[in-house]
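Here is a short briefing to read alongside the model.

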Amino acid sequence: MDPNDDSPESIDQRIWLTVCAIPEGRLATYGDVAARTGLPGAARRVGAALRKLPSGSEVPWHRVVNASGRSSLPPGTRGADRQRARLAEEGVLLGAGGAAVLRRYRW
């Protein structure tokens, strides 16, 4: 992968690699991932890349939350429930309002 390649596919790959680096039991915000990928201010671009993940991907998308420490998926949806369950398996506790304490879990 060429780090100077700015094609959409290359950017997606760089974002996915950054997400893969988030340690188990830790979280990153979309903005954190964007900054670590060299795309400061491109939090929405991170969300777009994660939506493109192939089915069955091993990328730990569940470790990425919004700036409030919450899932960006609609509450009560299958995806939001899967994210919450996966985080719980890793020891990340979400409060009653569905938010994680970023100062505790942030990567």
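A pocket here is an open set of points, on a 1 Å grid over the protein atoms alone, where a 1.4 Å probe fits, with protein on both sides within 12 Å along at least five of seven lines; lining residues have an atom within 4 Å of a point. Its volume is the space filled by probe spheres set on the points, which are joined across faces, edges and corners. This is a predicted model, in which local features need pLDDT of at least 70 and side-chain atom pairs count only at pLDDT 80 or more, while totals for chains, interfaces and linings use all residues. Residues are numbered from 1 along each chain as its sequence is written, and side-chain values use heavy atoms, leaving out hydrogens and water.

**Pockets**
- The largest pocket has a volume of about 470 Å³.
- Its lining has 17 residues, and Leu50, Arg51, Leu53, Trp61 and Leu73 lie nearest the centre.
- The second largest pocket holds about 240 Å³.

**Core**
- Val19 is in contact (heavy atoms within 4.5 Å) with Val33, Leu50, Val59, Pro60, Trp61 and Val64, leaving aside neighbours within four places in sequence.

**Helix α1**
- Helices are DSSP runs of H or I, at least four residues, numbered from the N terminus.
- The buried residues of α1 include Ile15, Trp16 and Val19.
- At 1.5 Å times one less than its number of residues, the 13-residue α1 should span 18 Å, which agrees with end C-alpha atoms 18 Å apart.

How values were computed: Helix = DSSP H or I, 4+ residues; strand = E, 2+ residues; numbered from the N terminus. Buried < 20%, exposed > 50% of the residue type's maximum accessible area, 1.4 Å probe, protein only.
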